[in-house]
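This report is for a reader new to the structure below. It covers a group of annotated residues, a pair of helices and a loop residue.

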Amino acid sequence: MYGADYYPEHWDESVWENHVKMMKEIGIEWVRVGEFAWSIVEPEEGRYDFSKLEKPLKLLKDAGIKIIVGTPTAAPPMWLIKKHPHVLPVDKFGRQKGAGSRRHYCPANDVYREYSKKIVEKYAQHLSTYADMWQIDNEFGCHDTTLCYCESTRRAFIEWLKKRYVSIDELNYRWGNRFWSQTVNDWDEIVLPINTPAFENPHMMLDFFRFSTDIHIDYMNMQIEIIRKYSEKPITHNFMVDFFDLDYKKLSEHIDLVSWDNYVSTKIYDPLRQAANHDLMRSLKKKPFLVMEQQPGRVNWKTINEQYPDGYLRLWIKQAHLHGALGVLVFRFDQIQWGAEQFHGALLDYAGKKTDRCEEFAQAKRETQGVVVPQKEVAIYFSYENAWIHRINHLNRNFNYWESVMEIYKGVRRLGYNADFVFDDDEIDSYRLLIVPYAMYLPEKLIEKLETFQGDVLVTCMTSIKDEYNWMRTDFPYGLQRLLGLEIVDFAGTEKVDLNVSNLQLSGNFWCDKIKVKDAEVLGSFETGPFVGMPCVTKRGNKYYVATVADEFFYTFLLGNLLPARFVGGGVDAIQTREKLMLLNVRDHESVVWMSNKKIALGAFESWEV
């Protein structure tokens, strides 16, 4: 599935045929359309005109190009906002967000839901003939819009809480409302944590994140139900890079396939960060995924929007394929002279002429055939709820869950092994190594799986110290003491600490555990910090524990004892399938790796199979 995101409504009808002709020349097989066209097809309330979509979609269909139709609810039209300004979301300071951009709605607002139903029904009635796939809305939660603090949200949150807790007494207990005089006597006394002078209630905040995922799922399912009356084509929603405000695992259970928007979120392209995001997306359903938007080169939303040299689009498409993508759609087909994204790159330039990226796209398409299925090797436990727990309250507010998990992921990948992310209900017995990093809340069912798992296990600090209500446990790590042969008797936030592990000088950061060894072997100790001379790495059988937050170098060393390096050298992304080891040079110059006594030299962005 190779294509581009296309906006025919941005162009005069006279250029549509030429656009389609150029798409065929480039090799575009799929386009996504329609996700921001609400005011185009409904310029006034109740007056519909789909000609700006139906005419170009017919041209595309006649040319054999498949179509993904996006519902347009991410950008409500100005006439709707003028008539119903209360559909606008409210931020955590109690300020109503304005119109004039996108994502300016609250998914809990009943009025907005009614308008959404109407426009989605019209889309389904008019465009199901052309649709080969559907995308619901666009990038839920983007621009810090996951949490809304309006009255509609408060009322919906209360109804959600009634189902979860049944009684006010139960809620008061689970939220610890005796603290800071927060006890409520009636459901309507519950308020959202708007502009609080001090820390918010951590138990309420965890529920608020859970609710916010559920209200987006409910809003999405409302649209899916309407589309299903008219179409049986696959339905997706486009997820985002490095995004953890919503529980993507939970959302993914309600769509047919996962798609996501692959943008470079850091100043400098980090190939293993993008790889981690690909692997996370593939892991959500343990199935191939689609890149719905692929950065073409320059974007428009950074402080400094650098241009990537020739070849990088080819690399990004090849890397997505390597990690199990069904295909890639480049954002966007047509560079536009006006609008908020006027500086964003595309396959065509401002004059409507092909750029060099068109040949990169075509070359990458030729170089990537079929769908890669990575072999199961290493599993890393991941939890969106733990991402929220870390963000809500912490010993060290400099700690970042995803960034720290990625350091472990990079260590695994440097050694040449595949990494899947696994979740609470996933099967784990097929993996040779299971890593459980920084999982403050570890569900009972996962603790039970760890007890019977036969492979190697590595557990880190912070794991299993909280329960599902965000309360501290009374013994640490809860449920794992016998398995690991140790007890955590205290812990501390910290800055950098020095470690001695197998007589190698390493370092940790952010957090230290004070370990009481029972029947574990000590492999390393703290040389600085609050627990000098105490164990920092232990082993009981094939179960390991690391009592601090460590970096990629640490884990490449430690895991090298469990995962013998498949090759020596850098600059490559590697995936092992059942049949072969696939290598991709992620540098714009030659990279050299050694496998035993065999030297493999890869040119810029070149692939190799062993």
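Contact here means that heavy atoms lie within 4.5 Å. The model is predicted.

**Annotated cysteines**

By that definition, and not counting residues up to four places away in sequence, Cys150 touches Val90, Cys106 and Leu192. Cys150 is located in the loop between S4 and H6. Cys148 also lies in the loop between strand S4 (133-135) and H6. Once its neighbours within four places in sequence are set aside, Cys148 is in contact with Pro89, Val90, Cys106, Thr153, Leu192 and Phe208.

Are these residues buried or exposed? A residue is buried when its relative accessible area is under 20%. Cys148 has a relative accessibility of 5%, so Cys148 counts as buried. Cys150, with a relative accessible area of 7%, is buried.

| Residue | Relative accessibility | Class |
|---|---|---|
| Cys148 | 5% | buried |
| Cys150 | 7% | buried |
| Gly27 | 14% | buried |

An unreviewed UniProt entry carries the annotation "binding site" for Cys106, Cys148 and Cys150. The three span 45 residues in sequence, yet no two of their C-alpha atoms are more than 7.9 Å apart, so they gather at one spot. Of these residues, Cys106 and Cys148 are included in the lining of the largest cavity.

**Helices H6 and H8**

Two packed helices are described by the angle between their axes and the distance between the axes. Helix H6 takes in residues 151-165 and helix H8 residues 202-227; their axes come within 10 Å and cross at roughly 105 degrees. Angles of 65 to 115 degrees count as roughly perpendicular, and H6 and H8 are therefore roughly perpendicular to each other.

Which residues of H6 meet H8? On the H6 side they are Thr153, Ala156, Phe157, Trp160, Leu161, Arg164 and Tyr165. On the H8 side are Met204, Asp207, Phe208, Arg210, Phe211, Asp214 and Ile215. The residues of this contact divide into 9 nonpolar, 1 polar and 4 charged. Thr153 in H6 and Phe208 in H8 belong to this contact, and both are also in contact with Cys148.

**Gly27**

Gly27 sits in the loop between helix H1 (16-26) and strand S2 (30-33). Its relative accessibility is 14%, so Gly27 counts as buried. Not counting residues up to four places away in sequence, Gly27 touches Tyr2, Phe361 and Lys365. Gly27 and Arg366 are 339 residues apart in sequence, while their C-alpha atoms are 9.8 Å apart in space.

Definitions and conventions. Residues numbered from 1 in each chain as written. Predicted model: local features only at pLDDT ≥ 70, side-chain atom pairs only at ≥ 80, totals over all residues. Heavy atoms only, no water. Axes fitted to C-alpha atoms, helices over the stretch in contact; angles between N-to-C directions. Helix = DSSP H or I, 4+ residues; strand = E, 2+ residues; numbered from the N terminus. Parallel < 35°, antiparallel > 145°, perpendicular 65-115°, else oblique. Nonpolar A, V, L, I, M, F, W, Y, C, P; charged D, E, K, R; others polar. UniProt positions renumbered as here; feature names shortened; annotations may be inferred. 1 Å grid on protein atoms, 1.4 Å probe; cavity = no way out; pocket = protein on both sides within 12 Å on 5 of 7 lines; lining within 4 Å. Buried < 20%, exposed > 50% of the residue type's maximum accessible area, 1.4 Å probe, protein only.
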